[in-house]
Amino acid sequence: MIVINWLAFVQVFLAALTAAVLVVGFYALGLRLLVRAGRAPVVAPVEFTDAITVISEKEARRAEKAAAKAAKRSPLTEAQKRVALIGAYVCFAVCAAAVVVGILLIVFNH
């Protein structure tokens, strides 16, 4: 006969849900702060064999130009941009720490 510990199941579900919300939330906040700091991430186009959409070189240059223009228009002072950049790095560090702790819990908690 199989016995299911429903309390443990609920605990694992809530822990996974909480961790997912925190990691996604901190990552989104980090990206937002990175953009506010004037360092919008621009990804170079890559050719994939079965990609749905591929960005052309012209579109990539246009995106880089728009990011540079938005960075110039930022109403933040240099000190505020620096604080936003540090905040972005802290958010990314929290995401990385959460992932590492999750992996360590899986590996060493058996």
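**Fold, pocket and surface**

Q: What does the secondary structure of the protein chain come to?
A: Three helices and zero strands. Keep in mind that this is a predicted model.

Q: And how do the elements run from the N terminus on?
A: The order is α-α-α.

Q: OK, pockets. What volume does the largest pocket have?
A: About 310 Å³.

Q: Which helices supply at least two residues each of its lining?
A: Those are α1 (6–36) and α3 (78–108). The largest share comes from α3, with six residues.

Q: Which residues line the largest pocket?
A: The lining includes Val12, Ala15, Ala16, Ala19 and Val23.

Q: How do they divide into nonpolar, polar and charged?
A: Ten are nonpolar, one is polar and none is charged.

Q: Switching to the surface. Which residues form a nonpolar patch there?
A: Ile2, Ile4, Trp6, Phe9, Val10, Phe13, Leu14, Leu17 and Val21. Together they have about 970 Å² of accessible area.

Q: Where is tryptophan 6 placed?
A: In helix α1.

Q: Is tryptophan 6 buried or exposed, and why?
A: Tryptophan 6 counts as exposed because its relative accessible area is 53%, and exposed means over 50%.

Q: Last one: what share of the protein chain counts as buried?
A: Of its 110 residues, 12% count as buried.

Definitions and conventions. Residues are numbered from 1 along each chain as its sequence is written. This is a predicted model: local features need pLDDT of at least 70, side-chain atom pairs count only at pLDDT 80 or more; totals for chains, interfaces and linings use all residues. Side-chain values use heavy atoms; hydrogens and water are left out. On a 1 Å grid over the protein atoms alone, a cavity is a set of points where a 1.4 Å probe fits but cannot get out, and a pocket is an open set with protein on both sides within 12 Å along at least five of seven lines; lining residues have an atom within 4 Å of a point. Grid points are joined across faces, edges and corners, and a volume is the space filled by probe spheres set on the points. Helices (H or I, at least four residues) and strands (E, at least two) are DSSP runs, numbered from the N terminus. Ala, Val, Leu, Ile, Met, Phe, Trp, Tyr, Cys and Pro count as nonpolar, Asp, Glu, Lys and Arg as charged, and the others, Gly among them, as polar. Patches are made of residues with over 30% relative accessible area and no salt bridge: like charges are joined within 9 Å, nonpolar side chains (Val, Leu, Ile, Met, Phe, Trp, Tyr) within 5 Å. Accessible areas come from the Shrake-Rupley method with a 1.4 Å probe; for residues, only the protein chains shown count as cover. A salt bridge is a side-chain nitrogen of Lys or Arg within 4 Å of a carboxyl oxygen of Asp or Glu. Buried means under 20% relative accessible area, exposed over 50%, partly exposed in between (1.4 Å probe, protein chains only).
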